[in-house]
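Please open the model in a viewer and keep the selection tool at hand.

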Amino acid sequence: MTLTIPQAAAGARVLAFGDYQPATVVTNDDLAQKVDTDDAWIRSRVGIAERRIAGPGEGVVEMAVQAGGKAIAGSGLSPEDIDLVIVATCSGESPMPAHAPVVADRLGIRAPGAFDLNAACAGFCYALATASAAVRGGSARNVLVVGAEKMSQWVDWTDRSTCIIFADGAGAAVVAASDEPGIGPVVWGSAGDQHDKIIIPDRHSFIRQEGQAVFRWATGAIAPVALEACERAGISPGDLAAIVPHQANLRIVDAIARKVKAPNAVVADDIVHSGNTSAASIPLALSRMIERGDVPSGAPALLVGFGAGLAYAAQVIRIP
Ligand code: UT7
């Protein structure tokens with residue numbers, strides 16, 4: 001007896017993005033009052049001018065709901081149309097329940113499949129690939145994908161090597177079936193032998209990273225992954241309208257963009273005003289680029305996530 005499987009969709013695409021940032025702005029000068037650092041060092045080594053930090057009552061769920069609600073509103077769908085919710089996060093308040101079912105409930109999405117996904121800073125690209133596969137395989141019709149992080153609650157605010165980098169926020173996308181594929185094949189992988197390079201070792205600890213080692217890895221290993229994602233999508237770098245790398249460090253973003261060699265692409269630099277928001281950084285940056293009219297609808301954009309794990313993922317999408 002053969003099992004019946006649903007009819008596959010030809011492709012999946014992003015219908016809309018949404019984003020959310022907390023109201024509180026923390027400048028480099030604010031941090032220089034707490035730790036031994038200064039604006040010039042942070043700008044030149046990391047590229048950050050300011051970042052947003054969530055308030056005490058504002059958690060991963062609240063930020064995800066804001067970004068997710070905006071993405072659903074922009075998609076033209078209603079919450080009842082969504083049947084799968086994936087929240088990419090590594091900085092939640094508690095390990096269970098997952099954030100996704102709570103986010104779904106707050107948004108009025110009834111009885112969806114709902115789970116969290118932790119691939120750290122690469123989480124959004126992993127979640128987008130999972131959503132695309134679910135839609136193409138027929139196990140979901142419309143998926144809400146959210147990257148949401150409250151990194152500030154896992155940061156030691158007396159450690160100048162990390163507190164200047166990480167920040168809070170959320171970005172979201174609605175993924176639906178389409179005749180024309182709008183989400184290209186994912187290229188993903190990890191280097192678990194280097195899992196201790198960025199780590200929160202236990203629930204009583206803060207985030208710590210071997211900055212230089214991660215920097216070398218990110219500037220060396222990630223551009224080939226990005227180029228492979230272009231090749232597998234059948235897109236030449238010259239056709240890209242945008243490159244949206246994880247906003248880890250502006251020097252890493254520039255190094256990846258230089259190696260991809262995409263003369264017509266706008267390169268996301270949201271880190272300057274948003275800091276490093278881990279799994280939220282890619283959808284947050286792209287949502288804001290779309291909102292500002294920096295990138296044309298329908299054009300190809302390259303997304304590249306990388307971080308703890310050391311996990312990485314890249315794919316080319318059509319800008320909604
Ligand atoms: O999102 C997840 C993925 N993460 C990443 O991709 C992070 C990759 N790494 C980086 O972005 C960079 O390595 C950092 C931004 C973390 C650090 O920049 P760096 O240029 O690699 O600095 P460093 O760690 O080599 O430190 C250079 C110096 C040291 O002083 P000495 O030993 O040379 O006297 C540090 O103690 O800068 C010092 N330093 C600071 N000085 C002023 C470290 N943090 C600070 C600070 N302000 N905030």
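The model is a predicted one. Begin by selecting strand β4, residues 84–88, together with β5: the two pair in the parallel sense over 5 bridges. Within this pairing, select V87, whose bridge partner in β5 is D116.

An open sheet is formed by 5 strands, and their order is β1-β7-β6-β4-β5. The pairing in this sheet is mixed. Which strands stand at the edges? They are β1 (11–20) and β5 (113–117); each has a single partner strand, so one side of each is left without a neighbour in the sheet. From one strand to the next, the twist averages 20°.

The following stop concerns aromatic rings. The model holds 4 aromatic pairs. Select F17 and F124, which form a tilted pair with 6.4 Å centre to centre and 40° between the planes. The pair links distant parts of the chain: F17 belongs to strand β1 and F124 to helix α5 (residues 123–137), 107 residues apart.

Are these two residues buried or exposed? F17 has a relative accessibility of 10% and therefore counts as buried, the cut-off being under 20% relative accessible area. F124 is also buried, with a relative accessible area of 1%.

To conclude, select W217, F306 and Y312, which ring pairs link into a cluster.

Notes
Residues numbered from 1 in each chain as written. Predicted model: local features only at pLDDT ≥ 70, side-chain atom pairs only at ≥ 80, totals over all residues. Heavy atoms only, no water. Pairing = 2+ DSSP bridges. Helix = DSSP H or I, 4+ residues; strand = E, 2+ residues; numbered from the N terminus. Axes fitted to C-alpha atoms, helices over the stretch in contact; angles between N-to-C directions. Phe/Tyr/Trp six-rings, centres within 6.5 Å; stacked < 30°, edge-to-face > 60°. Buried < 20%, exposed > 50% of the residue type's maximum accessible area, 1.4 Å probe, protein only.
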